[in-house]
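The following exercises concern one protein chain. Each sets a task and then works through the solution in steps.

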Amino acid sequence: MPSQVLKPRFRKVQTFQTNYAPAVITQYESERSGMQVVVADRKGPKINGYFTLATEIFDDSGAPHTLEHLVFMGSKNYRYKGLLDKLAGRAYSNTNAWTAVDHTAYTLETAGWDGFAQILPVYLEHVIVPNITDDACVTEVHHVDGEGNDAGVVYSEMQALQYSSSELMDLRARRLLYPENIGFRYETGGMMEALRVLTPERIRAFHKAMYQPRNLVIVIVGEADHENLLQILDEFEESIKDIISPLDDDFKRPFVDSPQPPPLKETTVETVEFPEEDESTGEILVAFFGPDCNDQVQITAMGILITYLCGSSVSVIENIMVEREELASSVSGWWDARPNSVIWFQPAGVETEKLAFVEQRFISLLKEVASKPLDMAYMTECIQRDRRQVKFQAEGSEGFYSNNIITDYLFGKRDGSTLAELQCLKEYDVLEAWGDKEWRAFLTKWLSDAHHVSILGKPSMKLATSLKEAEEARIARRKEALGEDGLQELKVRLEIAKNNNEKPIPPGILDQWPVPDTSSIHFIESATARSGKARILGASVNSAQKVIDAAPQGLPLFIQFEDVPTNFVHLTIHIGTSETPAKYKPLLPLFADNFYNTPVVRDGKQMEFEDVVKQLEKDTISYQINGAGRVGDYEGMTIQFQVEPDKYSTMISWLRTLMFDTVFDPVRIKAAIVKALADIPEAKRDGRSMAQEIDTGIHMRPESNLVARRTLVKAVYLRRLKKLLEKEPETVISWFDDLRRSLFTFQNLRVLVTADVAKLANPVAAWDALTSAPHMDPTKDILPITKPYAMLNDEGNAPGSFGSVIIPMTTLDSSYSVSTATGLKSFADPRLPAYLVALGYLEAVEGPLWNAVRGNGLAYGVSFTREVDGGFIQYRVYRSPDASKAIEASRATVSRLASGKDPLDRHLVEGAVSGIVLAAADEQATMAAAAQQNFLLGVIRGLEPDWNRKILARVREVTDDEIRAAMTEIVLPVFEPGKSNVVVTCAPIMEESMVKALSEMGYKTQVQPLSHFYDDYGLKADEDEGNDDEDEDDDSEEESDGSDEDMED
């Protein structure tokens, strides 16, 4: 008789459709293991899986973090390192994982259901029954190399974090919040001293305790085949039935069944020092216990209260402490989901000598706010805007579902009753009925009258020196104790571990799984329509174009419409900077910060900036002004609004006001300068960003926005600008006026409207409200987009003569590097398909560079750039115990592949091609993303509409010879002296060895402080000031903090 297929033993707990977004959520539970499955069905090409376990530990050993890495080293039936990732690579998928203080999540990101279904059971076996060997622990967790230095993937990662200001402050705060019997107290990533003594046995014991099916939830967001999914999971459970514990066995649910933290009995304020040369500014971290994260009304109220207090420049605490009193560069707030949630506030960029005062001022402001009637009109706006933003996130972000589902699994009720609250947003109805009395009582209970923990983060050069000396002494003692014989034994042990870990996967094993068909990848289609000067790119024949053609036409502004079935309108205004004089380009970050935060004139009356922001918040879901990197133009800017359809014309009116009717107020400009200056010391602590900034300055012209916006420019320029503003405010105001005139011209604007076009009232002519402004001349031709390679300087066009530079930084315990050589300049380059496949091959997880670098503990990660028309190629080493060794190992690996000495692995080639398919799906993962991709391809890059389809076809035809040729001609030069330049930022202890290594490679080598690369853009100091401004900073980057007004790419 034929075998009977049994019905999967999974019980459907519930299914419901959210009433605020197009998603259906279904919950299942295994009747034999207790495993839970929650699927959020929503349309799109991507399937995202999160295989999540609650992981509770009561020490700093880092065992949870180590498993995040060890799981990928092999499983019970697949005892090969890299098999899972090679399988994923061929199936249009990426794997990854993260460790939080309360859970570990393993992710599977796939284009289409077929690839996801193929990998799922193999992935779950790696998670539940991994093959954790002693050899894997040596390379992945910690080892001492033949030179006596500590290494290992996990160790290197934590080495780069342990003495950072954020890590030191966060850990001390948690030590004060929680007693020793609470898991939230501990560093689940692992402290270095604990990782050095962590044993494989301890890791295996932790896995056995926590990695049980009944402690696992499978979260899937995307278009899932439920019948297929349950069949796969049932067969998987059958394969591990011998290790499934009976459901009536005693099992203590992590965190929920554990003791809960007692209330704080008193307020504690402590100072925590962190290593830093620049001792001018520190930061503050304040923590309160908050409501249960399962109480949707209470926890939503807390999020809204945080917004009311410090959500924007008009929020009461941010407005007073940042905008008026200039005590901090920002005050941010957030909450961590827990049975007793934790509410965090962080005043950043605080002058070191004022840390204690600013902490007291913050607490006094909370009490002051609670003692007076609240601004209930603004509170109501905060509630309504929060509701709009939730609806917007639910439509456009898979993370909305995964985050909420994971939180519910960790702390909610397992019967599904708390998950069911995702169906609607009724908590907002409750909160809209709250009055001043309820809100002030809530504020008083949780914040103003509550005990708290405050950490004052103080920079210390002395600590930086002592840590360096202590580490040098520790390593010296170890080397002496081991002796030459001991070091040799460690070297041999490491080599044995590497060899055992790197056993090749027999080709026949991977061939069990065919490359999936692409028919299950459902790309989002966005129909393009054009009006005005955009029609020079051609007009499509579709329903959207018919709607636009039938609408009243106005002045010929360049507008591209993308028609998708969204409930919102996404407006993007692209602005070129080719007509902006170079001397004004360092002003662009200030201009962006000021754009929404300055007075305006409306209807002949001046509106103060607070009223502007309040009205904008009322009319929008969100708004930003950024660099245009997200749409492929690093030399441009974008202004963006996300609004409901009935606010379409309102936003156009706002654009007119913000572009032409703002008032440049010296007080507001000074506030922007003070905030930016306060952020500089923290930015300069980031070794990766500093390496990139220095590389940018070496290879690009000063006219480039990327050069002008760097922290290395701000460090000098802003101090001098602040002094000039005090002495000659009219001069600075005139510069801002000139800058504005250079940006907002008819020929310099390109508009992208993403919407359900048929629902837009007056979609084209409504823009006359903007284009009828006096400075707009509709007769001028649209300005061309600046090509990235046009901004390269002489060294950028022919890298190699500069050589290498090493920048020691006291804030670093590891090293970062950027290597740059000549690259492609055009998407039409016939080598492009082979180049893309070559990069995908080299970067593959468990591919050649992964094994050569990360597998040998030489760096946490390496990557190439993909700026196809940038004219350069970059290779970056991230968090390395010695970047020079990572570079040399990478060079040797690429050289062997390019020459044919090492053959190309067919499965990795297939994986590289699949990775390009996944990248295409990622670019079109949501309706807004698909629309933006059309704009990027057609408007910014000038490519035909079906370019993506053609390139996907061409990469499938690339030969091995073409791949090797691309490696030889384009990739290999990035490792060759005379053809490439190298920038390294590193811990001071590494300086000498780094100089020696790079010199031996053949690079001309120099050592410089960060201040050597400062650039004042011609804004000289007054003679009586000397060099005081440079002396205040001795080092530098510009990474944005993610605020609406930040200028970023």
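A residue counts as buried if its relative accessible area is under 20%, and as exposed if that area is over 50%. The structure shown is a predicted model.

**Exercise 1. Determine how many residues of helix α2 are buried, and state what the helix packs against.**

Step 1. Helix α2 covers residues 83-90, and eight of its eight residues are buried; the helix is therefore largely enclosed by the rest of the structure.

Step 2. The buried residues are Leu-83, Leu-84, Asp-85, Lys-86, Leu-87, Ala-88, Gly-89 and Arg-90.

Step 3. These buried residues pack against β5 (93-99), α3 (113-128), α18 (507-510) and α33 (906-923).

Step 4. After α2 comes Tyr-92, which has a positive phi near 60°.

**Exercise 2. Classify the ring pair of Tyr-106 and Tyr-211, then that of Phe-288 and Phe-345.**

Step 1. Two aromatic rings pair if their centres lie within 6.5 Å, and planes over 60 degrees apart count as edge-to-face. The count by this rule comes to 39 aromatic pairs.

Step 2. The ring centres of Tyr-106 and Tyr-211 are 6.2 Å apart and the planes stand at 70°, so this pair is edge-to-face.

Step 3. Tyr-106 belongs to strand β6 (residues 103-111), while Tyr-211 belongs to the loop between α8 (200-210) and β9 (216-221); the pair links distant parts of the chain, 105 residues apart. Tyr-106 and Tyr-211 are both buried.

Step 4. For Phe-288 and Phe-345, the centres are 6.3 Å apart with 85° between the planes, and this pair is edge-to-face.

Step 5. Phe-288 is in strand β11 (residues 281-289) and Phe-345 is in strand β13 (residues 342-348), so the pair ties together parts that are 57 residues apart in sequence. Both Phe-288 and Phe-345 are buried.

**Exercise 3. Identify which charged residues lie over the ring of Tyr-860.**

Step 1. A charge sits over a ring if, for Arg, the CZ atom is within 6 Å of the ring centre and within 35 degrees of the ring normal.

Step 2. Arg-854 has its charged end over the ring of Tyr-860, 4.6 Å from the ring centre.

Step 3. Arg-879 also lies over the face of Tyr-860, at 5.6 Å from the ring centre.

**Exercise 4. Describe how helix α13 is oriented to helix α21, and how α12 is oriented to α16.**

Step 1. Two packed helices are described by the angle between their axes and the distance between the axes.

Step 2. The axes of α13 (residues 376-396) and α21 (residues 609-619) come within 9 Å and cross at roughly 40°. These two helices, α13 and α21, are therefore oblique to each other, and their crossing is left-handed.

Step 3. On the side of α13 the contact involves Tyr-378, Glu-381, Arg-385 and Arg-388, and on the side of α21 it involves Lys-614, Glu-617 and Lys-618.

Step 4. The axes of α12 (residues 355-371) and α16 (residues 436-448) come within 9 Å, with a crossing angle of roughly 160°. Angles over 145 degrees count as roughly antiparallel, and α12 and α16 are therefore roughly antiparallel to each other.

Step 5. The crossing of α12 and α16 is left-handed. Leu-366, Lys-367, Val-369, Ala-370 and Ser-371 of α12 meet Arg-440, Leu-443, Thr-444, Leu-447 and Ser-448 of α16.

**Exercise 5. Decide whether Phe-255 is buried or exposed, and do likewise for Asp-603.**

Step 1. Phe-255 is located in the loop between α9 (226-239) and β10 (268-275). Its phi is positive, near 70°, in a residue other than glycine.

Step 2. The relative accessibility of Phe-255 is 3%, so Phe-255 counts as buried.

Step 3. Asp-603 is located in the loop between β19 (600-602) and β20 (605-607). The phi of Asp-603 is positive, near 55°, and this residue is other than glycine.

Step 4. The relative accessible area of Asp-603 is 81%, so Asp-603 is exposed.

**Exercise 6. Characterise the surroundings of Tyr-409.**

Step 1. Tyr-409 lies in helix α14 (residues 398-411). With a relative accessible area of 3%, Tyr-409 is buried.

Step 2. Leaving out residues up to four places away in sequence, Tyr-409 touches Gln-36, Thr-52, Arg-214, Asn-215, Leu-216, Val-217, Arg-253 and Arg-414.

Step 3. Tyr-409 and Leu-53 are 356 residues apart in sequence, yet 9.1 Å apart in space, C-alpha to C-alpha.

Technical notes. Residues numbered from 1 in each chain as written. Predicted model: local features only at pLDDT ≥ 70, side-chain atom pairs only at ≥ 80, totals over all residues. Heavy atoms only, no water. Phe/Tyr/Trp six-rings, centres within 6.5 Å; stacked < 30°, edge-to-face > 60°. Helix = DSSP H or I, 4+ residues; strand = E, 2+ residues; numbered from the N terminus. Buried < 20%, exposed > 50% of the residue type's maximum accessible area, 1.4 Å probe, protein only. Axes fitted to C-alpha atoms, helices over the stretch in contact; angles between N-to-C directions. Parallel < 35°, antiparallel > 145°, perpendicular 65-115°, else oblique. Left-handed = near helix turned anticlockwise from the far one by under 90°. Contact = heavy atoms within 4.5 Å.
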